[in-house]
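Colleague: Can you walk me through this one? I have the sequence and the model open.

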Amino acid sequence: MSNQVKKDQTQELIKETTKNLFFVKGKFDATTQEIADAAGVNRTLINYYFRSRDNLIQIIFDEAHKVEHEKSEIIMNSDLPFKEKIRRFIESSLSTSLQYPYLETYIVSQINKGSCHKKDIEKDELEKLYRDIEAEMKLGNIERMEPIQFLLNMISLLVFPSAVRPLLMENLMIGETEFDKIISERKEIILNMLFKN
């Protein structure tokens with residue numbers, strides 16, 4: 001095995017381990033040493049490959065976010081009927097919530113720190129989405145409202161339970177497995193709330 005391949009494998013291992021600690025287990029305060037221990041590597045390797053813990057976290061966050069953005073772009077730019085696009089977008093978002101249960105919580109924690117999210121959507125994409133929502137309202141498939149309200153409803157229904165996951169688990173006295181089951185059952189509930197038919 002060449003040094004380059006070994007280096008790439010070690011970098012991937014460190015990134016996957018960090019993703020797992022942060023976005024799967026919710027251990028946002030994991031130290032460089034804890035990440036190294038979980039990956040089974042020497043702590044100095046993390047600084048050697050990624051310069052710092054913060055840099056490593058930024059990289060894994062950007063990667064997770066990029067995958068998400070690409071998935072939603074494919075759905076929204078497809079020729080599918082509007083409701084089917086929204087159905088697939090909801091499915092995709094919920095499957096990410098199940099894969100990375102603490103990703104949304106992490107995003108909220110970053111927003112609160114002031115290191116806010118990069119803009120995801122272009123003006124023309126947003127305007128097209130609003131036109132599509134308006135058309136569905138004219139057809140009677142969606143309650144009449146400002147298109148932005150439809151978007152806010154969808155985002156809130158999708159994101160809020162995952163974003164405050166630890167709080168809900170504690171107050172509703174449910175464990176990880178049960179919470180995942182609840183999230184996975186939300187697709188039809190959300191669709192039925194957004195669409196009249």
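Colleague: Which helix is R165 in?

Modeller: R165 is in helix α9, which covers residues 165-171. Keep in mind that this is a predicted model.

Colleague: Is R165 buried or exposed?

Modeller: Buried. The relative accessible area of R165 is 1%, and the cut-off for buried is under 20%, so R165 counts as buried.

Colleague: What is R165 in contact with, leaving aside its neighbours within four places in sequence?

Modeller: P101, Y102, T105, E176, F179 and D180.

Colleague: Take E176. How far apart are the C-alpha atoms of R165 and E176?

Modeller: They are separated by 9.2 Å, and the two residues are 11 apart along the chain.

Colleague: T105 was also on that list. Which residues of α6 are buried?

Modeller: T105 is one of them, along with L103, Y106, I107 and Q110.

Colleague: And what do the buried residues of α6 pack against?

Modeller: Five helices are named here: α1 (3-24), α4, α5 (82-99), α8 (147-163) and α9.

Colleague: Let's look at α4 then. At what angle do α4 and α6 pack?

Modeller: About 120°, with the axes 12 Å apart. α4 is residues 53-76 and α6 is residues 103-113. Because of that angle, α4 is oblique to α6. The crossing is left-handed.

Colleague: Which residues make the contact?

Modeller: From α4, I57, F61 and A64; from α6, L103, Y106 and I107. By class, the contact of α4 with α6 has 6 nonpolar residues, no polar ones and no charged ones.

Colleague: What about α3 and α4, how do their axes cross?

Modeller: At roughly 65°, and the axes come within 9 Å. α3 is residues 43-50. α3 passes α4 in a left-handed crossing. On the α3 side the contact is made by I46, N47 and F50, and on the α4 side by R53, N55, L56 and I59.

Colleague: How do the residues of the contact of α3 with α4 divide by class?

Modeller: Into 4 nonpolar, 2 polar and 1 charged.

Colleague: Switching to the backbone. Where is R51, and what is its phi?

Modeller: R51 lies in the loop between α3 and α4. Its phi is positive, about 70°, although R51 is not a glycine.

Colleague: Why point that out?

Modeller: Because most residues other than glycine have a negative phi. M173 also has a positive phi, near 55°, and M173 is not a glycine either. M173 sits in the loop between α9 and α10 (176-184).

Colleague: Are those two buried or exposed?

Modeller: R51 counts as exposed at 65% relative accessibility. M173 is exposed too, with a relative accessible area of 73%.

Colleague: And which residue takes a positive phi just after α6?

Modeller: G114, with a phi of about 95°.

Colleague: Now the whole chain. How many helices and strands are there?

Modeller: 11 helices and 0 strands. Buried residues make up 37% of the 197 residues. The C-alpha trace spans about 60 × 40 × 35 Å along its principal axes.

Colleague: What is the mean pLDDT of the chain?

Modeller: It is 92, and 97% of the residues reach 70 or more.

Colleague: Which element has the lowest mean pLDDT, and which the highest?

Modeller: α6 has the lowest, at 85, and helix α2 (residues 32-39) has the highest, at 97.

Notes. Residues numbered from 1 in each chain as written. Predicted model: local features only at pLDDT ≥ 70, side-chain atom pairs only at ≥ 80, totals over all residues. Heavy atoms only, no water. Axes fitted to C-alpha atoms, helices over the stretch in contact; angles between N-to-C directions. Helix = DSSP H or I, 4+ residues; strand = E, 2+ residues; numbered from the N terminus. Parallel < 35°, antiparallel > 145°, perpendicular 65-115°, else oblique. Left-handed = near helix turned anticlockwise from the far one by under 90°. Contact = heavy atoms within 4.5 Å. Nonpolar A, V, L, I, M, F, W, Y, C, P; charged D, E, K, R; others polar. pLDDT = per-residue confidence, 0-100. Buried < 20%, exposed > 50% of the residue type's maximum accessible area, 1.4 Å probe, protein only.
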